[in-house]
Structures are given as C-alpha cells and as structure tokens.
Amino acid sequence: MILYHGSNMAVAEPKLIKQNRFLDFGFGFYTTTNKTQAIGFAEKVTRRRREGVETVSIYEIDEALAFSKCTLLRFDAPNEAWLNFVSDNRSGNYLGEQPDFIYGPVANDDVYTTFALYTANVLTKEQTLEALKIKKLYNQLVLASEAALSYLKYIGTLDGEVR
C-alpha cells in the first residue's frame with residue numbers, strides 16, 4: 001500500500017508528537033492513500049504555519065504484515081461507530097484502548113460543516129449519518145504507536161522520489 005502525508009516539509013522519519021488539538025482519530029501520524037487529499041493538506045498546513053514548502057511525503061507499507069502484527073481499528077464507512085469514535089476524539093473524551101492503526105473515512109471541509117452541526121446538536125445522529133452518505137469522503141490511516149511506525153518505509157516526496 002502506498003501512503004501520503006501532506007506537510008510543510010518532507011517527513012522522512014515520522015515521529016509520534018502529542019497534538020495540541022483533538023483530531024478525528026486521536027493521537028498519531030496521519031496518512032492517506034489519496035494523493036489529492038495529501039496535496040490539499042500540504043497546502044493548508046503550509047499556509048497556516050506560514051513557513052516551509054508544500055510537500056507530500058510518500059511511504060510504503062506491507063499492510064498484510066503490519067495489520068497481522070499490530071492492532072487495527074477499521075471503519076469502512078461513516079457509520080454510527082465511526083461517528084461516535086470521531087466525536088469522542090474531537091471532544092477529547094475518548095477513553096477506549098488505543099489501537100496501533102486506525103483506518104477509515106476522513107472529513108473534507110464540506111463534511112466538517114455537517115459534523116459541526118452534529119456536535120452543536122443541530123442535527124441528530126441519524127440526520128448526520130444520512131447527510132454523510134451523499135458526501136465525498138476520503139480515507140486516512142493513522143499510525144498511533146511506535147510499533148505501527150516501524151512498518152512504514154519512506155520512499156521520498158512527490159516532486160523528487162527517492163528509494
């Protein structure tokens with residue numbers, strides 16, 4: 001599996017860094033299989049930090065091996081379990097076990113609006129899940145442990161691949 005990570009610099013040696021904000025899948029190193037999504041994120045991060053250069057790092061992972069050796073929490077669709085998990089993480093209230101890998105849908109800007117309406121209690125859980133069915137959702141694979149990171153192989157960046 002090829003994975004991408006958008007940032008304001010190349011990330012040849014990913015590290016687990018505690019965040020100062022609450023993200024969809026909690027703590028971890030966020031990647032995606034969607035190159036376009038990673039490019040968009042690199043643009044946002046570079047603009048927000050006002051330094052660096054838009055960079056998409058590329059990685060390879062043997063998912064069959066990694067997922068057989070580590071714990072995996074997988075969401076194949078934005079269902080009720082996914083909505084509860086993301087809500088708990090974004091509010092800082094997730095108290096469950098931390099798997100090594102977490103895979104599932106990520107919200108783009110349009111989906112964030114729907115999600116914000118849900119967390120503000122404007123939409124019910126059922127209305128939110130129904131609205132998400134028609135949204136274009138990308139994916140994310142979060143590596144949430146050192147064990148997970150050990151399976152990630154850096155290849156290079158989009159503008160200049162290295163092997």
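Biologist: Why is Ser7 called buried?

Modeller: Happy to start there, keeping in mind that this is a predicted model. Ser7 has a relative accessible area of 5%, and buried means under 20%, so Ser7 is buried.

Biologist: Where does Ser7 sit, and which residues is Ser7 in contact with, leaving aside neighbours within four places in sequence?

Modeller: Ser7 belongs to strand E1. With those neighbours left aside, its contacts are Ala42, Val45, Thr46, Arg49, Val53, Glu54 and Thr55.

Biologist: What makes the pair Ser7 and Asn8 a polar contact?

Modeller: Their side chains are joined at 3.2 Å. The cut-off is 3.5 Å, and residues adjacent in sequence count only if both atoms are side-chain atoms. This contact joins side chains at 3.2 Å, so the pair qualifies under that definition.

Biologist: Let's turn to the pockets. How much space lies in the largest pocket, and which residues lie nearest its centre?

Modeller: The largest pocket holds about 1,200 Å³ of space. Its lining has 39 residues, with Gly6, Arg21, Tyr30, Phe41 and Val45 nearest the centre.

Biologist: Which element gives the most to that lining?

Modeller: That is helix H1, with nine residues. Strand E1 (2–7), strand E2 (29–31), helix H4 (109–119) and strand E6 are also among the elements that each supply at least two.

Biologist: What is the make-up of the lining of the largest pocket, by nonpolar, polar and charged residues?

Modeller: It divides into 16 nonpolar, 13 polar and ten charged residues. Gly6, one of those nearest the centre, counts as polar because Gly is placed in that class.

Biologist: And what about the second largest pocket: what is its volume, and which residues lie nearest its centre?

Modeller: Its volume is about 260 Å³. There are 14 lining residues, and Arg21, Phe22, Gly26, Phe27 and Asn89 lie nearest the centre. The lining splits into four nonpolar, seven polar and three charged residues.

Biologist: Last topic, the nonpolar cores. Which residues of the largest core touch the most other members?

Modeller: Among its 16 residues, they are Phe29, Phe101, Leu141, Leu143 and Leu152. Helix H2 (63–69), strand E5 (101–106), strand E6 (138–143) and helix H6 (146–149) each supply at least two residues of this core. Apart from it lies another core of 15 residues, including Leu83, Val86, Val111 and Leu132.

Biologist: Which residues does Leu141 touch, not counting those up to four places away in sequence?

Modeller: Leu141 touches Met1, Leu3, Phe29, Tyr30, Thr31, Phe67, Phe101, Ile102 and Tyr103.

Technical notes:
Residues are numbered from 1 along each chain as its sequence is written. This is a predicted model: local features need pLDDT of at least 70, side-chain atom pairs count only at pLDDT 80 or more; totals for chains, interfaces and linings use all residues. Side-chain values use heavy atoms; hydrogens and water are left out. A nonpolar core is a set of buried Ala, Val, Leu, Ile, Met, Phe, Trp, Tyr and Cys residues joined through side-chain atoms within 4.5 Å. Buried means under 20% relative accessible area, exposed over 50%, partly exposed in between (1.4 Å probe, protein chains only). Helices (H or I, at least four residues) and strands (E, at least two) are DSSP runs, numbered from the N terminus. Contact means heavy atoms within 4.5 Å. On a 1 Å grid over the protein atoms alone, a cavity is a set of points where a 1.4 Å probe fits but cannot get out, and a pocket is an open set with protein on both sides within 12 Å along at least five of seven lines; lining residues have an atom within 4 Å of a point. Grid points are joined across faces, edges and corners, and a volume is the space filled by probe spheres set on the points. A polar contact is a pair of N or O atoms within 3.5 Å; within protein, one must be able to donate a hydrogen and the other to accept it, and residues adjacent in sequence count only if both atoms are side-chain atoms.
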